2 protein chains.
Amino acid sequence: MLRRLKEILIGSPLETESLHDQRLTKKSALAILASDNLSSSAYATEEILLALTAGVAIGVAVPLYYSVPIGLAIGLLTLIVVISYGQTLHAYPTGGGAYTVAKENLGITAALIAGACLLIDYVLTVAVSVAAGIAAVTSAVPALFEYRIHLCLFAVGVILLANLRGVRESAAVFAGPVYIFIFSAFLLIIVGLVRYLMEGAPPASQADIPSPSPAWNAAIVFLVLRAFASGCAALTGIEAVAQGVRVFQPPVARNASIVLYTLAGLLASLFLGITVLAYLYGVVPHPDAKETVVSQLARTVFDTGPLYYLVQAATTAILILAANTSFTGFPRLASVMAQDRFLPRQLANMGDRLVYSNGILLLSLLAAALIVLFNAQVHSLIPLYMVGVFTAFTLSQAGMVAHWRKVRVPEGAWKIGVNAFGAIATGLVLVVVAVVKFTHGAWLIVAAIPLVVVACRAVRQHYYMTVRELSLADYEKPKEIRHTAIIPVAGMNKMVLAAVEYARSISRDVIAVTVNLDYEDREKLLEEWQSRVPDVPLVILESPYRAIHRPLLRFIDEVETWRGDDMVTVVIPEFVTASWWHHFLHNQTTLFLKAALLFKPRIIVTSVPYHMQR
Amino acid sequence: MLRRLKEILIGSPLETESLHDQRLTKKSALAILASDNLSSSAYATEEILLALTAGVAIGVAVPLYYSVPIGLAIGLLTLIVVISYGQTLHAYPTGGGAYTVAKENLGITAALIAGACLLIDYVLTVAVSVAAGIAAVTSAVPALFEYRIHLCLFAVGVILLANLRGVRESAAVFAGPVYIFIFSAFLLIIVGLVRYLMEGAPPASQADIPSPSPAWNAAIVFLVLRAFASGCAALTGIEAVAQGVRVFQPPVARNASIVLYTLAGLLASLFLGITVLAYLYGVVPHPDAKETVVSQLARTVFDTGPLYYLVQAATTAILILAANTSFTGFPRLASVMAQDRFLPRQLANMGDRLVYSNGILLLSLLAAALIVLFNAQVHSLIPLYMVGVFTAFTLSQAGMVAHWRKVRVPEGAWKIGVNAFGAIATGLVLVVVAVVKFTHGAWLIVAAIPLVVVACRAVRQHYYMTVRELSLADYEKPKEIRHTAIIPVAGMNKMVLAAVEYARSISRDVIAVTVNLDYEDREKLLEEWQSRVPDVPLVILESPYRAIHRPLLRFIDEVETWRGDDMVTVVIPEFVTASWWHHFLHNQTTLFLKAALLFKPRIIVTSVPYHMQR
């Protein structure tokens, strides 16, 4: 029945042979990779404004127009990162994720740090994107706000099922929402700018803007840095292009770079456009986070009409697609790390439908847990996001510097310079992010990364020890095995006799043992036993405390010690009922006994099942 | 570690020999049996008033002084039931619960109905008593009201632990709270009456009393009957004396009757006294059930001083003790019914501490579930209570009628008359209760009783079939068993070789089988296998869908069919890791395989564990 349910939800198994790589044109690749990149423009501006306005509560007012230069700085950073990554694409045309680049150039520890960061970030991409996508929905339909966690979990569930079925990321499906989002976002920016130039700022908004404080001081610097760090959320998703490079048609590196530059350009324009527009219209984040900044902007520019709903729907769609991209990246990276023996091997294998089902399930569970823990609030999740992203950036760029020093190509010095500049820039941002966001949750990730690294090493160590211990290098063939078979019985019946017959067939030395409980008629059992199986001794154990397992286990231990180097096989008569509920009507003695015996060395457990007819 | 925790909470096991019956004097027995009987006076009056005032909402006003004649009618009913039960005590001096009496005189179905009612009522006694006890606490300390469910669950937990430790019901412990309750309740009634006679009714109370409507009509009759039915909650607990009769010193029946009459007299006086007092002081139930009627009365009579808190504390104490009595009754009845094979046999056995631990756990779980489901509100639980109580009364009395017709004693006609009158009276009340409370929740019990009866019969049927099927009457000794041993392997290592050696020692016909997954190096394995164990064939199964279990199970089935009447033993190399978390780093293939093989007849499963050193 469970298998039927699985088949309906997930579909029937697929043959291994039907697995083949597909190569994408630039246009299709753009559609598939865009969601992760561009979707961050839906929340990056809001994060900057939240950081800037946070000072009001403690009496520090930062002028809101600071958001524009901060946005420009982030645009510049995007440019640096993209140029630096462009070089990675050329050097690793088969896929140059931070884990691979760090492993090949910086060693295991750096690779594990990068791997840990990327795994954490995939989980956060799902959590943040889904939460932001649902925030777009609840901004449009405020009545749904209180059900936002349920909606998020439902969305994760749908993405999970789709991925367990093994959706191929098809450009046909992705292109629609992506292009509609790009179109509607640019429409919003252009119409917004035109209306502002023609009509001026809406009067209501002026009240919300705190009056600028004239002097710079430490508090303002801190807030501005925090706003910058928050806005860096826009950069998440650049890594995905480097990771997914092998899906491009040849010339791979060139096509991938073009897509990367295009995406960076689109992202920078969207993000800056929304930031400028938010400033011009005096939009500040909603105090209860009940309406997103983009939604407020769209409502102001378009009024609450069809165009407004188009913006919200497109935003939700692209964010859900962004969450979906992690469902390819996370299981694939986990599988690579599991094949390197750093993660449990269950993550290495493909499931029925040619996808890494265990990785997909793990990702969903972790993301769902984060959503519930953080109340589906984007703003609470963002600080966790940045540390991982910038650690991966920095390690990847630093790895490229080491790479160029090793391979010695023409223009090597230039390439080293570009990547070194990238590494330094992202490294500085990493320090800023870790410091200014530390108390907001970044400490969690700063603490989690070394734990993941240690765990990965321990996993590898265990697999290494297992292989060594099971190795046949020092194997000596044992002399012939002699058995003693012990049969624990509760009475005399067909089930017991079947076990006795079986035990006699595998050993010449069979002992039956029973525990004498107060209600048991001891004499009658002995008599019946001797008339039926006189050649098998029956040992009767006393149990003053009415325990069954402890006396049995002690007896089995004693026999094992007493027989020296023989093996002891415990033959357990087992009762298999015809219908499931009958099972609960019998004492679960055998189950516990089998579990306890598993942990005793030199004891072999044999179940002789007796199948009830009804 | 779990065993240590269990020992701290529950205590070390007790020897069977230390089990012995204790016999109680009348005074001690009164203390022990009183809590269940008398505690109902804490909520019975409130239930009558709630039923009477319920009409106000629909425009039907019943005069509140009706509560007094209703109380008198319930007192009369108590007298009838007690006299009728008095005869049972003489006829069944070893314990005459409704289940026993019905089984001996009315047959299995009647006994099962009575048993089902009693089991349900034990659960409800716990739920109602604990809820009412906590209501007395939250009446005194209103701030605790919103935590009432937590408090109830905590109380159930404490009673559970105490009973798992095996508290003997000691008169020394019970006497204190019981006598303090009797004393404080009578003090409340007497001081209340004296103050009323000297000072008259308090002025504030008059406003609450609805003006009496002059004419009788159907609605009023219905409400009065419902009030009567609600007040019958006072009668719960009489059955306990008949059930527990064997704890009395001889002459058992005489001593038990005296205690029964004394308790009935005390109960009737307390209940009537509180009912009259509530009328005189115009106390009506608190609209949000935030303060009990008894608490309101005590506050009015004593003001909120030490005497008030004494009443509340004594009420809570006696109600918790009343809940505790079910923890003796329920497991004992469940054990009797399990020994008759009507309930799972796990309920028949005594645990470590000489108490029926499984029954105690089951009772706590069910009571806790009821408390949570019904929000710890006494008023919502009461309608569920009555149907079971009066069904058990009626069956018990009817059984006694049959008993007297059978045994033919002097004054037989008189005894038949008494019990028949009791049966008819309680039967009529049963009909009234079931009808007027049907929509309030009684339907649940009316539906549950036949379900329990059917389930009990199905359980007995299963045990009967099991005994017949396992019986040795038609046993034929099998001819000598020949084995085929199958070893599922994933590679070649020490663990596998250990399993091969074992398989060779139990069978001359050993086959190894492996599933060829795409990443497996098939040729290398075959070569290694042939060099190590050339005499054991290795079968390699293809698995285009990457499944491991299905091809293995199919192969085992094929071998079983092909070998005709031989037995097939599946020898499974099993991996036992040194530390618990290592366990999760290995595929759980063996676990699933063992579970699936258990359901295949003629297949025997042997685990050959390999214990990792670290």
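Contact here means heavy atoms within 4.5 Å. By this criterion, 79 residues of chain B are in contact with 79 residues of chain A. The structure is a predicted model, in which local features need pLDDT of at least 70, side-chain atom pairs count only at pLDDT 80 or more, and totals for chains, interfaces and linings use all residues. Residues are numbered from 1 along each chain as its sequence is written, chains are lettered from A and ligands numbered from 1 in the order in which they are written, and side-chain values use heavy atoms, with hydrogens and water left out.

The interface between chain B and chain A buries about 6900 Å². Buried area is the accessible area (1.4 Å probe) that two parts lose on being put together, summed over both. Carbon and sulfur atoms give 57% of this area. Of the area that chain B buries against chain A, 10% comes from Glu469(B), Leu470(B) and Arg546(B), more than from any other three residues.

Chain A contains 21 helices and five strands. Helices (H or I, at least four residues) and strands (E, at least two) are DSSP runs, numbered from the N terminus. Chain A is more spread out than a compact globule, because its radius of gyration is 32 Å, well over the 25 Å that the globule rule gives for 614 residues. The radius is taken over C-alpha atoms, and the rule is 2.2 Å times the number of residues to the power 0.38. Along the principal axes, the C-alpha atoms of chain A fill a box of roughly 110 × 60 × 50 Å.

Of the 614 residues in chain A, 55% are buried. Buried means under 20% relative accessible area, exposed over 50%, and partly exposed in between (1.4 Å probe, protein chains only). Among contacts in chain A with a separation of 6 or more, 82% join residues 24 or more positions apart. The accessible surface of chain A is about 26800 Å², and 65% of it belongs to carbon and sulfur atoms. Areas come from the Shrake-Rupley method with a 1.4 Å probe; for residues, only the protein chains shown count as cover.

Chain A carries 45 positive and 40 negative side chains. Lys and Arg count as positive and Asp and Glu as negative, while His and the chain ends are not counted. The centres of the two sets lie 6 Å apart, with each charge placed at NZ of Lys, CZ of Arg, CG of Asp or CD of Glu.

Met567(A) is found in strand E4 (residues 567-576). Not counting residues up to four places away in sequence, Met567(A) touches Tyr502(B) as well as several residues of chain A, including Ile481(A), His483(A) and Ile604(A). Met567(A) and Arg195(A) are 89 Å apart in space, C-alpha to C-alpha, and 372 residues apart in sequence. Gly329(A) lies in helix H13 (residues 306-339) and is buried, at 12% relative accessibility. Tyr122(A) is 207 residues from Gly329(A) in sequence, yet their C-alpha atoms are 7.3 Å apart.

In chain B, Ser129(B) lies in helix H6 (residues 108-140). Ser129(B) counts as buried, at 1% relative accessibility. Beyond four places in sequence, Ser129(B) touches Leu124(B), Leu319(B), Ala322(B) and Ala323(B).

Asp303(B) has a positive phi, near 60°, in a residue other than glycine. Asp303(B) lies in the loop between helix H12 (293-302) and helix H13 (306-339), and is partly exposed at 47% relative accessibility. Arg602(B) is not a glycine but has a positive phi of about 65°. The loop that holds Arg602(B) runs between helix H21 (589-598) and strand E5 (603-611). At 38% relative accessibility, Arg602(B) is partly exposed.
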